[in-house]
Structures are given as structure tokens and as C-alpha cells.
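Please read it alongside the sequence and the coordinates.

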Amino acid sequence: MAASPRNPFGVVIERPLSATVGIIEGRETLLFGTNNYLGLSQSNAARDAAIHAAQTMGVGTTGSRIANGTFGLHQKLEHALAKVFQRKHAMIFSTGYQANLGTISALVNKDDTLFLDADSHASIYDGARLSGAQIIRFRHNDPADLEKRIARTSNSTGARLIIAEGIYSMTGNIAPLKEFVEVKKRHNVPLLVDEAHSFGVLGAHGRGVAEMQNCEADIDFIVGTFSKSLGTVGGYCVTNHDEIDLIRLCSRPYMFTASLPPEIIAATLAALEEIETKPELREKLQKNAARLHEGFKSVGLNTSNFISPVIAVTLEDIPQALAFWNALLAAGVYVNLSLPPATPDNRPLLRCSVMAAHSFDEIDRAVETFGTIAKELQVA
Ligand code: PMP
């Protein structure tokens with residue numbers, strides 16, 4: 001990282017001023033690199049609910065869900081999530097990372113086989129490793145490759161499970177879940193989908209890519225997080241499988257860690273209600289995503305051809321990406337820098353994300369800054 005005046009992995013937001021602006025290096029900086037898609041980390045309703053919960057119940061549970069860490073509020077949130085997803089069961093975890101670890105490692109073991117999209121999030125890979133199951137990777141978003149690999153395991157005696165995501169966090173790519181569902185049905189293999197980045201964002205009611213593609217009923221397990229559109233912290237798994245109560249007793253990342261504190265649960269419940277009652281947040285997010293996408297195209301940047309709240313700007317090489325990212329921050333625009341080998345095609349990218357809370361003026365200012373730097377660095 002010698003060529004970078006700053007450590008891209010050590011940025012400090014000294015203080016958030018709003019959902020879209022924070023103080024970085026003493027300056028007001030536009031935030032275009034968060035997961036706060038609906039701006040709800042700054043929701044007044046969630047803030048008030050958290051304050052009330054802390055004042056009436058304290059700030060922590062000091063225990064695990066299966067010992068002394070289940071409050072009425074945890075069950076209330078589980079019931080609310082089951083209702084939102086129209087599923088029989090919901091189970092909450094202390095982070096989204098643990099939701100994947102805890103669900104995957106409870107569903108399969110060393111005699112079983114997992115089919116993972118090659119671009120899966122680290123929490124899916126770590127959950128797979130914790131389970132001890134055989135891991136078979138299929139090409140990113142490629143149902144034909146998945147089918148080929150599943151067909152080769154048709155004689156296997158162990159359980160099999162397919163895992164995909166809704167929106168991929170680095171590129172904004174959207175999974176072809178409907179086609180994965182056709183594959184899973186042909187081969188009778190259950191499907192788990194991580195809707196971490198798509199819940200609250202896509203679908204008529206914000207339930208994610210499965211809702212958008214009209215295939216929710218065929219997804220066996222949905223995993224997600226509270227740390228993106230809901231603006232807090234925590235994770236969940238929802239399902240119609242009645243065995244979920246067994247998962248509670250064999251999932252180490254659920255059992256051996258403290259449960260979420262009451263103020264977080266209360267804030268999450270309030271944010272969930274906002275997602276349900278304010279479809280205008282999703283509509284604004286889509287408009288903002290389209291504006292940022294158009295803006296990037298208009299200044300000649302290399303982005304995807306589809307519109308998503310996560311937009312990756314692909315660059316040629318690491319020195320160019322470092323220079324671009326540093327210049328953006330110096331000019332008051334914060335985005336995420338992502339470097340090979342963690343990126344698709346081994347090319348560096350600037351991961352930009354838009355929020356419902358951004359104004360058109362903020363988006364236009366960010367685009368202008370991108371355009372100026374692209375010219376200076378001869379990118380566009
Ligand atoms: N799944 C996916 C697809 C993610 O992108 C993330 C976080 N970036 C997680 C799970 C983990 O969620 P959390 O950060 O809330 O633990």
C-alpha cells in the first residue's frame with residue numbers, strides 16, 4: 001500500500017452528521033460507500049425506540065439465547081420477521097456473519113455437499129468450512145454450471161444444499177434465482193439464499209430478489225442481516241421447515257455468544273416497520289440508483305449495464321485505483337476500494353452505493369467529482 005497516502009482499510013468516519021454526510025479527515029464528506037441503503041441508521045423512529053428500550057430494559061442481555069439471553073423482545077422480532085417473510089419460523093443471530101455460520105453449519109455436516117456460487121461472501125465460505133461439508137463452487141450466477149455440478153453428485157448419499165445471494169455486495173450483480181429454483185426442483189436439492197443486500201431494497205414489499213423474481217415459495221431458507229437496509233446490527237434465518245428449533249440446539253454461532261441487546265432489537269423492530277410502511281423509500285432508492293448509474297455513464301466510467309443500488313466502477317490497474325480512490329476522498333467523496341484477488345476478473349474496482357437518503361444534488365456532486373478525477377487520471 002506504499003503508493004497510497006491513506007490506508008484504504010483504515011478510514012475513520014470521525015462522526016456521522018446524517019445518513020449521507022460524515023466527517024472524515026476533519027472535512028464534511030459525502031458517503032457513497034455504505035450499506036445504509038434506506039438511510040435507516042439515522043431513523044428517528046429507530047433512535048427513539050432504542051432510547052426507550054435502553055431506559056426501560058438496560059443496554060445488554062449478558063447471555064446467550066439458549067441460556068439467559070432471550071427477552072420478550074427477541075421473540076417479538078422473530079415473530080415480526082416471520083410475518084414479513086410469510087414464513088412459519090424465524091431465528092435471529094447477533095450478526096449477519098453469524099447467521100450464515102450458524103445456519104449453514106447446522107444444516108449440513110461432513111457427509112454432505114454444498115454448492116456455493118463462486119463469488120459468495122466470506123461468511124458463506126466460513127459457514128461452509130465450519131460445517132465440514134464438501135464444498136463445490138459453481139460459476140458466479142450460472143445456473144447451467146450449477147446444474148452440471150449437481151448432476152455429477154446424483155449418487156451421493158449425504159444431504160445437498162445450494163447457496164446463492166440476492167444482490168452481490170461488490171458488483172451489485174443480481175442472482176438469477178428463478179433459474180436456480182428450476183435447477184433445484186429438477187434435482188430435488190434445497191436452496192438457501194442470502195438476501196443481505198436485497199432485503200428492503202428489491203421486490204414490491206422489499207423482501208428481496210426472490211420476491212422480485214416471484215419465486216419466494218421455492219426458496220427453503222432465507223438468511224439476511226439487520227446491518228444494511230435496516231441500519232442496525234444482527235442477522236436472521238427464516239424458513240417453513242419445522243426443524244428450525246433443532247437448529248437452535250446445534251448451531252454453535254447461535255448458542256455460544258451473547259444475544260443482541262434490547263436497544264438494538266427495539267431499533268430493528270422500528271426500522272422493520274418503516275420498511276413495511278414506507279414503500280416510497282424503495283422508490284426513491286431506485287430513482288437514485290438510476291441517477292448515479294446514468295451519471296457515471298455520462299462521464300464515461302466503466303460500470304455495469306444494469307441498475308442496482310451497488311455500482312462498481314471498474315479500473316485498469318491497482319495504481320490507478322489507488323490514485324482514484326485517494327483523489328475522491330481528498331475531494332470529499334467516500335467510496336469503497338476493492339482490490340484483486342478479492343474482485344471478479346482480478347481487476348480493481350471502486351464500490352459505490354447509493355441511498356434513498358441521498359438528494360439528487362448530492363448524487364450530481366459525486367458524479368461531477370468522479371468525472372473530474374477520471375479526466376485528470378485519463379480514465380474516461
Ligand atoms: N452476507 C453478505 C452477502 C454480506 O455482504 C455480509 C456483510 N457484508 C454479511 C452476510 C454479513 O453481515 P453482517 O456484516 O451484518 O455481519
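The protein chain is assigned domain 1 (15-31 + 279-376) and domain 2 (44-277), with bounds that come from an automatic or database domain assignment. The model is predicted, and local features need pLDDT of at least 70, side-chain atom pairs count only at pLDDT 80 or more, while totals for chains, interfaces and linings use all residues. Residues are numbered from 1 along each chain as its sequence is written.

Contact between the domains
- The centres of domain 1 and domain 2, taken over C-alpha atoms, are separated by 27 Å.
- Domain 1 brings 13 residues to the contact and domain 2 brings 11 residues, where two residues are in contact if their C-beta atoms, placed from the backbone, lie within 7 Å.
- On the side of domain 1 that touches domain 2, α11 (279-298), β11 and β14 each supply at least two residues, and β11 gives the most, with three residues; helices (H or I, at least four residues) and strands (E, at least two) are DSSP runs, numbered from the N terminus.

The sheet
- Three strands form an open sheet in the order β11-β14-β13 with antiparallel pairing, two strands being paired if DSSP finds at least two bridges between them.
- Because β11 (310-314) and β13 (336-338) stand at the edges, each with a single partner strand, one side of each is left without a neighbour in the sheet.
- β13 pairs with β14 (residues 349-353) in the antiparallel sense over three bridges, and Leu349 in β14 is the bridge partner of Ser338.
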